[in-house]
Each structure stands twice: as C-alpha cells, then as structure tokens.
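User: I want to know what stands behind the labels put on this model. Please take me through them.

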Amino acid sequence: FPQISTLAVGYNTSCFQLWDLSSLTILYTSALLEAMLPVFSFMLLEPSDDPRHVCYLWSLHHSVDEDNLPFAGMYLLNYREKHFSNYSMVPYYRGFSSCSIRYQLDLGTELDNVVSGRIISCQGLHRSHTKSTPAWQQEEASSEEATASLLSIVWEVWVPNQLATFTQLTLFDLNQWYREYMPQSSDIEYSHFMAHFCLPDGPLLDVSVVQSSIRQFATLQPVDEHFFPTATTFQCVCLQQTQVTTCVHHGTQEVCLQAIKDGGPSALLLPSRLYKLCIQAGIKPLLLDVSSPNSSHSKELR
C-alpha cells in the first residue's frame, strides 16, 4: 500500500504481518484466528473526516477445504504523521504507531444451513457526486472522493454437498460506521453502515463494481436514510466461465420512486404499501410526523 509505504503479507495460518518498505522491518504481526482461516486478501480504507492520523486495513479470510464460513476483520492503523502531496489529494502516512482490530464480520451467518464458503473478490471504492447533486453536498463529498471509504466484498456460501449456493455482495461504509459510534461486530444492527445485495447464483470467477456507476441518492433535504449503503446505486460486472454479465442494484429510494411512477394514479387508490416504503426510505416531507394517529387514513397517506 503506497499510502502507508507498507507491505501486508498474509499466511495460511490466519495471521498476517505488516512490513515497512523503507526499512524492511516488521511493524506488526496479528494474532491467530480461532478457526485458522488462511488470508485471502487485504484492502485499505481511509475515513474522510477523522482528525487523527489513522486508516483501516481489512483482512479477509476463507478456506474452501474446510467447513468454515468466510471472515473479515478491520484493523485500525495509527500513525504519527499525515501528509498531502502537491500532486494528489490522497494522503500518505508516516511513523507507524500501533495496530488493533476494531471490527469483525462473519459472512453467511444470517443464512440457514450453510456450512462453508469463499470470498470471490474485494474492492475499495469511493463515492462520486453527479451533476444533479446539490452544490453544498458536492463540497461535502469532495473529501470522500479523494479516499476509498467504501468496501465491497463478494462472497459465496453453500449448504452441505453444495446442493445450493448463495452469492452476495456486502457494501461497508466506513464513514457511516463512524456515525454509528464504531461498533465492534455485526451482531448488532448494522443496516446504517452495511448492506447485503444478492448476486446471480452460480460459479463466479470475479466480480468488479464499476467505480463511475456509484451514485448516492441526492435531494435538497437529505435525512439519515439517504446516506445508508442501501441508498447507493451501483453497477457490477460478473465474470463467469463462459460469459460476462452486468448487474445493476438500485438504491431503496430509487426503487420506491420507480414503483410510484410505474403505478401511476392507481397507486393512490391503496397507498398504504407505498407509504410505508417511502417512510422507510426517508422520502417524506421534512416536518411530517409519522407517529401521528391520523397517518393511517388514506387521505393522509396520499
């Protein structure tokens, strides 16, 4: 990783080491995992507005030969100095101080009867604003565009004898994780900073999210729901043995608005379902009191 002038080396014993490329010395050696899952890959993320000199290293693990589910851990890297180049907005860090695990993610535990799995790909991403994004929101997004604060993990799990497989893409938002007070595991409610998207089942060789396709829902009156990973629209390219397919995942708000558009005037006849979708997606007047007892009347829902 050139930003930290460090080489991350993973081993099949589940641990990894960080080597300083300027002095060729070992900076850190991680502890062994209980399941001893080999290291599959690494990815580096950077927060957009942390005053400390820190970044986060993801270590991803899997073993297709044993009955273990994939695992990912996010480690906090502390540095004494943070500098910016005259030619790039990407910061670089010097003076390694410490490393500690801050978040643990067990992949596939929410699915029934799965026994094993593998990680297909991982990718560091950043959000980019569009022409339709309000000007004030573009200014806030400029710092996020310079660094990778999103992580996509494509993984696959299966039931015994691989009679059925499930393939998903997990999108983790580091900045939203900060806003949720940095929880340490996925055992708690995570929908505010992480989302899972289903991908076509089948043998996938690789999956890549198209960076230029990432689009956050934009509005003049944004609420918290508009910054969740579920509000992100993106396109990904799936490589299979005999073909290449493209998948587009639309954010919750876009899906909701499209459903209203497709329904036309008839959508107002029985508005309760779409009303609930709009409330969940944060598409409502800013001062609307959703707890009002009158909100159950069809006239109010329309």
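This is a predicted model: local features need pLDDT of at least 70, side-chain atom pairs count only at pLDDT 80 or more; totals for chains, interfaces and linings use all residues.

User: What makes D50 and R52 a salt bridge?

Analyst: The term requires a side-chain nitrogen of Lys or Arg within 4 Å of a carboxyl oxygen of Asp or Glu. Between the side chains of D50 and R52, the N to O distance is 2.9 Å. That is within the limit, so the pair is a salt bridge. Side chains of opposite charge can pair when their charged atoms come close.

User: Why is D50 called buried?

Analyst: Buried means under 20% relative accessible area, exposed means over 50%, and partly exposed lies in between (1.4 Å probe, protein chains only). D50 has 11% relative accessibility, so D50 counts as buried.

User: And what is R52 called, buried or partly exposed?

Analyst: R52 has a relative accessible area of 35%, so R52 is partly exposed.

User: How many salt bridges does the structure hold?

Analyst: Three. One of them joins E156 to R118, with the closest N and O atoms 2.8 Å apart. This pair links distant parts of the chain: E156 is in strand β9 (residues 150-158) and R118 is in strand β8, 38 residues apart. Both E156 and R118 are buried.

Another joins E254 and R215, at 2.9 Å, N to O. E254 lies in helix α3 and R215 in strand β13 (residues 215-216), 39 residues apart.

User: Why are E254 and R215 called partly exposed?

Analyst: E254 has 24% relative accessibility, so E254 counts as partly exposed. R215 is at 29%, so R215 counts as partly exposed too.

User: How do you know that the span of α3 is close to the expected one?

Analyst: Helices are DSSP runs of H or I with at least four residues, strands are runs of E with at least two, and both are numbered from the N terminus. The expected span is 1.5 Å times one less than the number of residues. Helix α3 (residues 252-263) has twelve residues, with 16 Å expected. From first C-alpha to last, α3 reaches 17 Å, close to that value. Just after α3, G264 takes a positive phi of about 65°.

User: Why are the buried residues of α4 said to line one face?

Analyst: In helix α4 (residues 272-281), the buried residues are L274, Y275, C278 and A281. Seen down the axis, they fall within an arc of 135°, so they line one face of the helix. The arc is that of the directions from the helix axis to the C-beta atoms. On the other side, R273, K276 and Q280 are exposed. G282 follows α4 with a positive phi, near 75°.

User: What makes β2 and β3 a pair?

Analyst: Two strands pair if DSSP finds at least two bridges between them. Four bridges join β2 (residues 16-20) to β3, so the two count as paired, and they run antiparallel. L18 has Y28 in β3 as its bridge partner.

Notes. Residues are numbered from 1 along each chain as its sequence is written. Side-chain values use heavy atoms; hydrogens and water are left out.
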